[in-house]
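Morning, everyone. Please have the model up on your screens; I'll keep this short.

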Amino acid sequence: MNKTILCIGAGYVGGPTMAVIADNCPDYKVIVVDINADRIAAWQSDKLPIYEPGLDEVVKRARGRNLFFSTDVFGGIKEADIIFVSVHTPTKTFGAGAGKAANLQYWEKTARDIVEHADRDKIVIEKSTLPVRTAEAMHRILQSNDKGLNFEVISNPEFMAEGTAVDDLQNPDRVLIGAMETSSGQKALQAIVDIYKNWVPEEKIKTTNVWSSELSKLVSNAMLAQRISSVNSISALCEKTDANIVEVSGAMGLDSRIGPKFLNASVGFGGSCFKKDILNLVYLCEFYGLPEVASYWEQVVLMNEYQERRFVQKIVDRMFNTVAGKKIALFGFAFKANTGDTRESPAIYISKLLLEEQGQLAIHDPEALDNAAIDLKDVEGDYTFEEDPYEAAKGAHAIAILTEWKHFCDLDFERLYHSMQKPAFIFDGRNILDHKRLHKIGFNVYPLGQKALSHLEK
Ligand code: UDX
Ligand code: ADP
């Protein structure tokens, strides 16, 4: 074996990233550790703890060969030459910066574990999204050791998206590696470049200073989210006029300077990164005395919340100003298709608002029902979870599409229509269905940012 790589944190980032590294670098031993024993047991089993297309095959190829999962964090620290840290960094809920700044307690605990259990020099890599200048703070904690050890801190942000993680990791647009501009920093940087060179073309491996790398990650996510909030804001205007958001996005996206991606209007963006990273950016700007810049980016999050509320308001308005006691089938709870992850999913807020209106919810999702049950466990109201979409819609007044699962398009809508109360409504919060066909079947169809196709209103 060439070197031993350790990853601390076996979550959505650590697990898939290390599986792809192990798969492509048979000369490295890769150990993934976590304090959560159930998670580690799941990584060792046939039912992985996260649903991600293509991940099972990659894990099966490498596991037991050069990929190992363990709860022995301290043993892993001792053995490793290179340590990736991918513990979670949630938004702070207390103290200074509450609601915006990142809570670094898990990261700092990890840094202290490394200091305590290392007995030789190590390279430590930030994989979690962190505020700019975290590496500096971590470097200080690590260097404070009294064993005379040297730790190099490298920033190597993850750009994979859930649902396409394996492909994003296998064929990344770029790999970004930031290091301190010292000779030992540059040597450590080369050691990380050497890992990725096993499968990523060299021109896609970008090296920068450590602060640029950290900031690039926050800003990439902020820019992507900003496109969605911009389009979502225009979807509201389209609904007041005869413009159609799909046509407007399509026309805009043809401009090669704009490009076609991330212009789909939706019920709102979710996921563990966008909101957290933008709020982190907002906090940084406030901290550095740039209130105008802070409020500019904060608006992206506020627009997202507006879009979620607007969707619920439309459901209530169109269903004769009340959903009290009416059954509504929610199709999709995951924050996007092809994942079971529901972190920051618009479905959570939308469900709560509909339950406040005393709607009766039947929630269906092919992968996310376990997480949905956890998200709603303290929420009062009338809701059930349904594995079968036809059961969810039986006797319902409305179907609301919250996630763009492809197979929703292939459902038998005649059958759904006949099992529902009349008038039957569909609110397509992802614009994925064939609206004209649904209207012909008899539904009153409310897409996003497009003219309604209703039998009730002219
Ligand atoms: C994001 C970044 O894309 C990724 O680079 C980073 O590493 C982590 O954060 P992720 O949150 O997994 O990835 O998914 P992403 O595909 O970016 O979708 C985020 C949200 O935006 C989802 O809720 C999705 O449904 C929504 N979205 C996306 C839209 O509403 N419209 C679009 O056009 C695209
Ligand atoms: P992400 O989406 O960033 O991967 P997750 O919450 O899915 O976030 O994963 C982070 C993982 O880090 C969790 O499984 C958690 O148990 C683990 N973790 C947190 N702190 C530590 C620690 N000190 N040592 C080992 N693992 C940790």
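Start at strand β10, residues 360-364: 4 of its 5 residues are buried, so the strand is largely enclosed by the rest of the structure. Buried means 20 or more other C-beta atoms within 10 Å of the residue's own, with C-beta atoms placed from the backbone. Strands here are DSSP E runs of at least two residues, helices H or I runs of at least four, numbered from the N terminus.

A caveat: this is a predicted model, where local features need pLDDT of at least 70 and side-chain atom pairs count only at pLDDT 80 or more, while totals for chains, interfaces and linings use all residues. Residues are numbered from 1 along each chain as its sequence is written, and chains are lettered from A and ligands numbered from 1 in the order written.

Now the pairing. Strand β9, residues 327-331, runs parallel to β10, with 5 bridges; two strands pair if DSSP finds at least two bridges between them. Leu330 sits opposite Ile363 of β10. From β9 the chain passes through helix α13, residues 346-356, to β10, a right-handed β-α-β crossover. Right-handed means that, with the strands pointing away from the viewer, the path from the first strand over the helix to the second runs clockwise.

Next, β11, residues 382-386. It is parallel to β10, again by 5 bridges. His364 has Glu386 as its bridge partner in β11.

Last, domains. The assignment, automatic or from a database, gives domain 1 as 4-200 and domain 2 as 209-458. Their C-alpha centres are 32 Å apart.

Terms used
A residue is buried if 20 or more other C-beta atoms lie within 10 Å of its own, exposed if 12 or fewer, and partly exposed in between; C-beta atoms are placed from the backbone.
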